[in-house]
Every structure is written in structure tokens, then in C-alpha cells.
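Hello,

Here is the structure we talked about handing over.

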Amino acid sequence: MQREPSIEIAGYPATLIDFTHRAVGVSLYRVSRLEDHVDRGTLLREDRVAEPPYWAHLWVGAIAQARRLVEAGSLAGRRVLDLGCGLGLPGIVAAALGAESWCVDRVPAALEFAAASARQNLLASKVRCVLLDFMNDELGADFDLILAAELVYDPQSYRALCDFLDRHLRRGGEIHLSDAFRSDAASFFTGLSAKGFEGIREARREWEDGRLQPLFLWTFRRSG
């Protein structure tokens, strides 16, 4: 359910929407009329244009991850990383399930939206928002669960992302990835396998632009 815009966040008009699955419900701020901030004509005409605010789109991979977190149950006592969090839906849901949740993104505006949603849900004490580019930076922490919703899309980032995930996952932890087939992720999965991770996948579908979008939810654990 979408409500009327009530505040401005990071210079964008913000609309509050509701996410509910089973017995868990949270509210999430998103950019109102996101299409007004994407010049499709320029994207088609120009070779070099400013990157559209991809972080502001509520990707189906994030929705599917949030649903699976709810289905898995309590995360009390666990530290969870929502990497490349964008609007932060999985991270907010993880906090609602009891986790110490870190929402991490390289875009400051994304973190402002995630922080506002955490406050809206009275979860500010459980959600830590951190500005970070996994291509160049590290966190001084490790995690029981790392979430990455549709983060595997740029082949130039695959090696750095594999290294980051390997360094920041605790022994016995899991990596949850969503893949909505927007790019060829085969070499990324090969890179994770080379680091000793084994993955299983689950097929799901979520509504996007009036149609059901197929996707895979992956779970990776260290072998042995």
C-alpha cells in the first residue's frame, strides 16, 4: 500500500509504503515518482550520462529476500549485513526479526532513506547505516548473514565483491544473493566457488511492472 508523500529525504520527495509478509510488517520510504528523476531520452542518446538513481528502485530481488527472511524466522542475536542496500528493505526486515542490522551503500542518499525507514519502524537502535564502496573499502566487523539483492550486475566488480564477501563472513555464516537475470553472473559464481563456497538456489517470482519476474535466491556457505 502506498501513502501520500509526507517528507523530503536527501532532496527527494519521499513516499511511505508498506511491506507485509506473514506476521511481519514494516514501512519503507521510497522516492515519489522515481520516473521524474530518470531522463530516458538522455540515456538513449548519450554515451556518457550521470548514473540514474538505481539505489532508489525497489528491486524484486530485495522484496524476495525480505520475504525469505520472514519465512526463516527470528534473527535474534545475529549480525546481518545488507550490502548495496539501496532503500534497505531486507536490512529493515532483518532488524524487525531481531538482528543487529548494518545497511551499507556507496550512495549517501540511499543511507538517508534507510535510516528514515528505521526510525519510522522504531528500529533505529537496531540499524546501523554505513557509507562504503566494497570495491575499495572494508568494514571492521564480520557477519553471520550477508544479503546482496541484485548486486551482481557489473563484471568489473565481481572479483572485489567476492573478496569482500569472503573477508566479512563469519565461520558458519551464509551469503544470500538474489539474481533476477539482469546480467551474466556466471563468472561471479565461479569466483565464489574458487574461494570455497558452495551454493544452492531457489526459484521465485515477484511482481514487477505488471508481470511476474522470475528470479533465483542463492544461499552460499563455505564448504567443509
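By class, the lining of the largest pocket comprises 20 nonpolar, 7 polar and 8 charged residues. For these classes, Ala, Val, Leu, Ile, Met, Phe, Trp, Tyr, Cys and Pro count as nonpolar, Asp, Glu, Lys and Arg as charged, and the others, Gly among them, as polar.

Before going further, a word on the source: this is a predicted model, in which local features need pLDDT of at least 70 and side-chain atom pairs count only at pLDDT 80 or more, while totals for chains, interfaces and linings use all residues. Residues are numbered from 1 along each chain as its sequence is written, and side-chain values use heavy atoms, with hydrogens and water left out.

The volume of the largest pocket is about 710 Å³. Its lining has 35 residues, and the closest to the pocket centre are Tyr-54, Arg-106, Glu-150, Leu-151 and Tyr-153. Strand E5 (100-105) and strand E8 (169-179) are the elements that give two or more residues to this lining. Helices (H or I, at least four residues) and strands (E, at least two) are DSSP runs, numbered from the N terminus.

There is a cavity as well: a search of the whole structure finds 1 of 30 Å³ or more. The largest cavity holds about 30 Å³ of space, and Val-152, Leu-177, Ser-178, Asp-179, Ala-185 and Phe-189 line it. E8 gives the most to that lining, with 3 residues. By class, the cavity lining divides into 4 nonpolar, 1 polar and 1 charged.

On terms, both come from a 1 Å grid over the protein atoms alone: a cavity is a set of points where a 1.4 Å probe fits but cannot get out, and a pocket is an open set with protein on both sides within 12 Å along at least five of seven lines; lining residues have an atom within 4 Å of a point. Grid points are joined across faces, edges and corners, and a volume is the space filled by probe spheres set on the points.

Next, the interior. Buried means under 20% relative accessible area, exposed over 50%, and partly exposed in between (1.4 Å probe, protein chains only).

In H4 you will find Ser-117, which counts as buried because its relative accessibility is 0%. Not counting residues up to four places away in sequence, Ser-117 touches Ser-27, Leu-28, Tyr-29 and Ile-92.

E1 and E2 pair in the antiparallel sense over 3 bridges; two strands pair if DSSP finds at least two bridges between them. In this pairing Ile-7 stands opposite Ala-14 in E2. The two strands form a hairpin with 2 residues between them, and Ala-10 in the turn has a positive phi of about 55°. Ala-10 counts as partly exposed because its relative accessibility is 30%.

E2 and E3 run antiparallel too, joined by 8 bridges. The bridge partners in E3 are Val-26 for Phe-19 and Gly-25 for Thr-20. This hairpin also has 2 residues between its strands, with Arg-22 in the turn at a positive phi of about 55°. Both strands are mostly covered: 7 of the 10 residues of E2 are buried, as are 6 of the 8 in E3.

Best wishes

Note on methods. Contact means heavy atoms within 4.5 Å.
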